[in-house]
Amino acid sequence: GEKDPLVYGKVEMVCVGRDMKLVALPEEIVNDVRAIDVVVPPKPKPRLPPPRRRPASAVPLASGLPHVHPIEVYHEDTDFTGVVYYAQYYKFCERARSHMCGMGHWMTLVQSGVCPVVVAGKITVKDGANYGDLLEIRSVPKIESTHRIIFEQTVVRVGRQIAADGAVVVPTVLVVAQITLVFVKLDNGGATKNLVALPPPLLDEFRNRYGMDIP
């Protein structure tokens with residue numbers, strides 16, 4: 001029989017004009033979509049340990065959070081509409097997570113054969129960033145189980161490199177993201193991949209640097 005799909009995803013899209021205001025779907029796109037014989041594969045069964053959730057009130061935000069990583073938007077980040085291409089936000093969040101977890105820890109883990117793997121990712125784009133915008137990626141990690149960590153990340157516009165004299169930029173949330181990570185151990189030259197618990201050095205980093213209460 002057919003194997004489970006490697007990746008299961010759903011993308012919701014809308015159309016906007018050059019002024020970034022919402023417009024109806026063009027008839028050509030509607031007709032093209034109707035002409036496609038779409039077959040949606042069944043959603044694969046989860047293979048991860050169940051999350052260990054605690055009430056939100058029992059997990060106060062640590063004093064060192066959220067972690068803030070600055071990003072400046074370049075031409076290469078934008079698409080033909082002049083705003084940041086949606087996939088770039090995943091990259092921005094990836095950079096922020098790497099810095100939050102410690103680049104040195106990341107490299108040490110990878111060299112030992114333990115690698116972080118994104119198993120789920122969801123972003124909601126509320127507004128688009130533009131060339132020259134100054135952004136902050138604000139990240140808060142949540143330990144969901146001994147094997148899984150979820151990063152709640154927001155992309156906030158805090159300024160503009162290119163702006164009219166005297167223009168004031170009000171901090172605005174542009175994107176909300178939720179990224180789920182696990183770790184795998186590569187054996188036999190990478191031929192086999194086995195799920196492992198969250199690495200102790202990473203948990204120590206969260207405890208010592210950000211004051212997180214991790215049992």
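Start by selecting Asp187 and Lys185. Their side chains form a salt bridge, with N and O 3.5 Å apart. This is a predicted model. Asp187 has 28% relative accessibility, so Asp187 counts as partly exposed. Lys185, at 25%, is therefore partly exposed too.

**Next: the other salt bridges**

The structure holds 7 salt bridges. Side chains of opposite charge can pair when their charged atoms come close.

Select Asp133, Arg157 and Arg160. A network of salt bridges links these three residues.

Zoom in on Arg157 and Asp133. Their closest N and O atoms are 2.9 Å apart. Arg157 and Asp133 are both buried.

Now move to Arg160. The side chain of Arg160 meets that of Asp133 in a salt bridge, at 3.1 Å from N to O. Arg160 is in strand E6 and Asp133 in strand E5, 27 residues apart, and the pair links distant parts of the chain.

Arg160 reaches 37%, so Arg160 counts as partly exposed.

**Next: helix H4**

Select residues 200-210, which make up helix H4. Colour Leu202, Leu203, Glu205, Phe206 and Tyr210: these are the buried residues of H4. They span an arc of only 150 degrees around the axis, which puts them on the same side of H4. An α-helix has 3.6 residues a turn, so residues three or four places apart point the same way.

What do the buried residues of H4 pack against? Show strands E3 (67-72), E5 (133-143), E6 (149-160) and E7 (172-187), along with helices H2 and H3.

Turn to the face of H4 that points away from its buried side. Pro200 and Asn208 are exposed there. Then step to Gly211, which follows H4 and has a positive phi, near 70 degrees.

**Last stop: helices H2 and H3**

Select residues 86-101 for H2 and 103-111 for H3. Two packed helices are described by the angle between their axes and the distance between the axes. Here the angle is about 90 degrees and the axes are 5 Å apart. H2 and H3 are therefore roughly perpendicular to each other.

Show side chains at the contact. On H2, pick Glu94, Ser98, His99 and Cys101. On H3, pick Met103, His105 and Trp106. By class, this contact of H2 with H3 has 3 nonpolar, 3 polar and 1 charged residues.

Definitions and conventions: Residues numbered from 1 in each chain as written. Predicted model: local features only at pLDDT ≥ 70, side-chain atom pairs only at ≥ 80, totals over all residues. Heavy atoms only, no water. Axes fitted to C-alpha atoms, helices over the stretch in contact; angles between N-to-C directions. Helix = DSSP H or I, 4+ residues; strand = E, 2+ residues; numbered from the N terminus. Parallel < 35°, antiparallel > 145°, perpendicular 65-115°, else oblique. Contact = heavy atoms within 4.5 Å. Nonpolar A, V, L, I, M, F, W, Y, C, P; charged D, E, K, R; others polar. Buried < 20%, exposed > 50% of the residue type's maximum accessible area, 1.4 Å probe, protein only. Arc of directions from axis to C-beta. Salt bridge = Lys/Arg side-chain N within 4 Å of Asp/Glu carboxyl O.
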